[in-house]
Amino acid sequence: MNDDATHNLIEVQQLSKRFGEQVVLDQLDLTINSGDSVVIIGQSGTGKSVLLKHLIRLLAPDSGRVLIDGEDITDLTFEELLPIRHRFGMLFQSAALFDSLSVEENVGLGLKESRHYRANEIHEIVMEKLDMVGLASAADKHPSQLSGGMRKRVGMARAIAADPEILLYDEPTTGLDPITADVINDLIVELNDRLKVTSITVTHDMTSAYKIASRIVMLYQGKVQFDGTPDDIRSTDNPVVQQFIHGRATGPIQVR
Amino acid sequence: MIRPISGLGSFGVRTVSRFGGMTIMLGEFFYALRKLPRSMPLFVEQMYQVGVRSLPLILIISVFVGAVSAWQAAYQFKFIGAPLRFLGQAVGKATVIELAPVLSALVFAGRVGAGITAELGTMKVTEQIDALESLGINPVRYLVMPRILACLFMVPLLVTFANFISIMGGLVVSIIGVNVSSETFLFGFRDSFKLTDFLAGLTKAAVFGLLIGLVGCYEGFRTRGGAQGVGLATTTSVVTSSVLILVFNFIFAMILFRL
Ligand SMILES: Nc1ncnc2c1ncn2[C@@H]1O[C@H](COP(=O)(O)OP(=O)(O)OP(=O)(O)O)[C@@H](O)[C@H]1O
Ligand SMILES: [Mg+2]
């Protein structure tokens, strides 16, 4: 594996996950190359968030495995997972801010607990990241004092705080106004282009998807239904994909 | 006929798996103790939250526990015709070996155990615990260890305080309500006081503290669902730790106070 060329960074092999009777992921295969900007789309409840959580082993597969740089992470202990999790940053769909901490402490917590930074360095990094998401003025607020969109952006700043090489964004622009959403899209593109970050973004926002994706993957019924470039997806005649990206209520996808 | 029995069976299975889970968490707690220096600020914060903020409540219950034990002892003495000068002995013994440790622990379970479960349960269902892990922070070291340790240290301290206040409560009642002088009461108390009783009470208190912290954290971490799940977990936490306190108290009685 050479350093510069792209390689298989993440390999999801035959991943299955069920909750009780409900099968969410069904022998799903997906490979992500370093430098990719993959957008995952799919109906609400198809398992996009569940898939992201498997990538950093917040959920354990029922069967199948996840490889990061060829290393199977399925059976690793907490300590063994540490170096892998440090390569990732994750924005949760619910933002998942720590509500006992201020915005500044939220963004800086990972840095502080890693013990690689001094307090003044942490402060500088945190303010820089908050500035990138347009929230430098909210540093002293608590999460309960923020709007939904502001929480999302704090979650974003927290995800990128330690400059991880792989970023997982779960609906980064949901709940944002169109202008702020575009700022976040630009930020995702910039991190991907300039810092060569590999990113995986779950979104329902097709404008955002076309803007940031080098590849779009659609999940449907626990499997990858479609995998291609934004141009591929616009020209595909796959009826499931067509129905989804054009947002039609009638078609092969049935919403009960 | 079948259903209650199979219901009992599944209750049994759930109970066994719950205590299995608690044992595992206890092991993780001891393993995380080696990182105590790193979690020192969190531990100090929990000592304050868990201990200092429980003082007013312990104060109030202890005054009344002492008062009622003096009153009830006097009532029994009168009934069996025992001399009232032994009131200090009776109140002192009962307080130090049973009343202060057990009642403080039960109240502590209701206040602190419930609070721990509600806080960690909310963090669980709002994905904050997942977020900690995603940042490479061990939730056991960051959340569980400081809380259990704070309970382990604070319950014995609170019980020491409760002992003192209860005796004072008993003293006041015996002077005002029973007409036993403070000299007589305190002489009786000193006469019967044994350091080993006091230390046995503190040992029990430490174990109760550990149980409350452990059950509180465990139930918090296994919370599912939304607000309803948090409510359910909190109730389960208080009920489980209260039952465990009373069961362990009986076991302690058999070990420490041999007939
Ligand atoms: N912890 C859990 N326990 C039980 N079921 C779960 C759990 N997490 C997810 N599910 C179920 O798995 C399915 C997929 O959930 P997931 O959150 O991945 O959907 P999603 O594709 O992200 O949807 P959305 O676009 O609405 O966020 C849902 O039907 C959900 O009910
Ligand atoms: Mg989701």
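User: How many helices and strands are there in chain B?

Analyst: Please keep in mind throughout that this is a predicted model. Chain B has 9 helices and 0 strands. Read along the sequence, the pattern of chain B is accordingly written α-α-α-α-α-α-α-α-α.

User: What are the dimensions of chain B, and what percentage of its residues is buried?

Analyst: Along the principal axes, the C-alpha atoms of chain B fill a box of roughly 65 × 55 × 35 Å. Of the 259 residues in chain B, 47% are buried. Sequence separation is a further aspect to read: among contacts in chain B with a separation of 6 or more, 85% are between residues 24 or more positions apart.

User: Where does B:Ser242 lie, and is B:Ser242 buried or exposed?

Analyst: B:Ser242 lies in helix 9 of chain B, which spans residues 227-256. B:Ser242 counts as buried because its relative accessible area is 19%, and the cut-off for buried is under 20%. Leaving aside neighbours within four places in sequence, B:Ser242 is in contact with B:Leu106 and B:Ala109.

User: How should I read a nonpolar core, and which residues have the most contacts inside the largest one?

Analyst: The general idea is that nonpolar side chains tend to be buried together in soluble globular proteins. In this model, the largest nonpolar core has 87 residues, and those with the most contacts inside it are A:Ile10, A:Leu51 and A:Leu168. Helix 6 of chain B (residues 139-178) gives the most to this core, with 14 residues. From chain A, the core draws at least three residues from each of domain 1 and domain 2. A second, separate core has 46 residues, including A:Val103, A:Leu135, A:Ala161 and A:Ile188.

User: Which residues does A:Ile10 touch, not counting those up to four places away in sequence?

Analyst: A:Ile10 touches A:Leu30, A:Thr31, A:Ile32, A:Leu55, A:Leu67, A:Ile68, A:Phe88, A:Ile166 and A:Ile200.

User: What does the domain assignment of chain A give?

Analyst: Domain 1 of chain A consists of 8-87 + 164-246, and domain 2 of 98-155. The C-alpha centres of the two domains of chain A lie 25 Å apart. In the contacts between them, 11 residues of domain 1 and 5 residues of domain 2 take part.

User: Which residues coordinate the magnesium ion?

Analyst: The magnesium ion (ligand 2) is coordinated by OG of A:Ser49 and OE1 of A:Gln93, at 2.0 to 2.1 Å. This pair links distant parts of the chain, 44 residues apart: A:Ser49 is in helix 1 (residues 48-55) of chain A, and A:Gln93 is in the loop between strand 6 (88-91) and helix 3 (103-114). A:Ser49 is buried, with a relative accessible area of 19%, whereas A:Gln93 is partly exposed at 37% relative accessibility.

User: What should I note about the phi of A:Ala95?

Analyst: Most residues other than glycine have a negative phi. A:Ala95, however, has a positive phi, near 70°. A:Ala95 is placed in the loop between strand 6 and helix 3 of chain A, and is buried, with a relative accessible area of 2%.

A:Gln221 also has a positive phi, of about 50°, although it is not a glycine. The loop that holds A:Gln221 runs between strand 9 (215-220) and strand 10 (223-228) of chain A. A:Gln221 is exposed, with a relative accessible area of 60%.

User: How many aromatic pairs does the structure hold, and which charged ends sit over rings?

Analyst: Over all chains, the structure holds 4 aromatic pairs. One aromatic cluster is formed by B:Phe189, B:Phe193 and B:Phe198. For a charge over a ring, one reads the distance to the ring centre. The charged end of A:Arg158 sits over the ring of A:Phe98, 4.6 Å from its centre. In chain B, the charged end of B:Arg34 sits over the ring of B:Tyr31, 3.8 Å from its centre.

Key
Residues are numbered from 1 along each chain as its sequence is written. Chains are lettered from A and ligands numbered from 1 in the order in which they are written. This is a predicted model: local features need pLDDT of at least 70, side-chain atom pairs count only at pLDDT 80 or more; totals for chains, interfaces and linings use all residues. Side-chain values use heavy atoms; hydrogens and water are left out. A nonpolar core is a set of buried Ala, Val, Leu, Ile, Met, Phe, Trp, Tyr and Cys residues joined through side-chain atoms within 4.5 Å. Buried means under 20% relative accessible area, exposed over 50%, partly exposed in between (1.4 Å probe, protein chains only). Helices (H or I, at least four residues) and strands (E, at least two) are DSSP runs, numbered from the N terminus. Domain bounds come from an automatic or database domain assignment. Contact means heavy atoms within 4.5 Å. Donors are N, O and S atoms within 2.8 Å of the metal (3.2 Å for Na, K and Ca); water is not among the atoms, so sites may look incomplete. Rings of Phe, Tyr and Trp (its six-membered ring) pair if their centres lie within 6.5 Å; planes under 30 degrees apart count as stacked, over 60 as edge-to-face and the rest as tilted. A charge sits over a ring if NZ of Lys or CZ of Arg is within 6 Å of the ring centre and within 35 degrees of the ring normal.
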